[in-house]
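Here is a walk through one protein model, from its overall layout to a few individual residues. Please keep the sequence and the coordinates at hand while reading.

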Amino acid sequence: MNIVRTYTRRQVSTATAAPVRPRPACADEDPDLFFPTGNDPAALEQFAEAKAVCARCPLTARCLQTALDRNEAGVWGGTDEQTRRLIKIRTFHGAAA
Ligand code: SF4
């Protein structure tokens, strides 16, 4: 008795391509926008403008967590350094309670 093995090619679907990654809202912005210096009216306006960009970003939560983890300067995840410092203090005291 002869045993004959047959192989068939598996169909590869092109519909299972890699998922589309969300695009950061700041992708086309000048990076300097997110690093205002000082606290004069022009800098405060720049902070507000950067935060407005973050407000329409799909990556805000992840971006904020990165900034918290790395102690980044500038506007990340819709927050400035002062706000992130407060978040860390509140998180520390919340965890200690
Ligand atoms: S949340 Fe982060 S990635 Fe999104 S626009 Fe702001 S700085 Fe860019």
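The model is predicted, so local features are given only at pLDDT of at least 70 and side-chain atom pairs only at pLDDT 80 or more, while totals for chains, interfaces and linings use all residues. Residues are numbered from 1 along each chain as its sequence is written, and side-chain values use heavy atoms, with hydrogens and water left out.

The protein chain has three helices and zero strands; from the N terminus on, the order is α-α-α. Helices (H or I, at least four residues) and strands (E, at least two) are DSSP runs, numbered from the N terminus. Of the 97 residues, 22% count as buried. Buried here means under 20% relative accessible area, exposed over 50%, and partly exposed in between, with a 1.4 Å probe and protein chains only. A contact means heavy atoms within 4.5 Å. Among contacts between residues at least 6 apart in sequence, 36% join residues at least 24 apart.

The largest nonpolar core consists of ten residues: Ala25, Leu33, Phe34, Phe47, Ala50, Val53, Cys54, Cys57, Leu59 and Val75. Such a core is a set of buried Ala, Val, Leu, Ile, Met, Phe, Trp, Tyr and Cys residues joined through side-chain atoms within 4.5 Å. In soluble globular proteins, nonpolar side chains tend to be buried together. Phe47, a member of this core, is in contact with Pro36, Gly38, Val75 and Asp80, leaving aside neighbours within four places in sequence.

Leu59, another core member, sits in the loop between helix H1 (41-55) and H2. Leu59 counts as buried because its relative accessible area is 16%. With the same exclusion of neighbours within four places, Leu59 is in contact with Pro22, Arg23 and Pro24. Leu59 and Ala25 are 34 residues apart in sequence, and their C-alpha atoms are 8.2 Å apart.

Thr66 belongs to helix H2 and is partly exposed, at 22% relative accessibility. The side chain of Thr66 reaches the backbone oxygen of Arg62 at 3.0 Å. Beyond four places in sequence, Thr66 touches Glu72 and Trp76. Thr66 and Gly77 are eleven residues apart in sequence and 8.7 Å apart in space, C-alpha to C-alpha.

Asn71 lies in the loop between helix H2 (60-70) and H3. Although not a glycine, Asn71 has a positive phi of about 50°. Asn71 counts as exposed because its relative accessibility is 57%.

Which residues does Arg84 touch, not counting those up to four places away in sequence? They are Leu64, Ala67, Leu68, Glu72, Ala73, Gly74, Val75, Trp76 and Thr79. Arg84 is found in helix H3 (residues 81-96). Arg84 is buried yet has no salt bridge, and the nearest side chain of opposite charge, Glu81, is 5.1 Å away. A salt bridge requires a side-chain nitrogen of Lys or Arg within 4 Å of a carboxyl oxygen of Asp or Glu. A polar atom of the Arg84 side chain lies 2.8 Å from the backbone oxygen of Thr79.

The structure holds zero disulfides, a disulfide being a pair of cysteine sulfur atoms within 2.5 Å. Cys26 is partly exposed, with a relative accessible area of 35%, and Cys63 is partly exposed at 25%.

Key: Lys, Arg positive; Asp, Glu negative; His and termini not counted. Polar contact = N/O pair within 3.5 Å; in protein donor to acceptor, adjacent residues only side chain to side chain.
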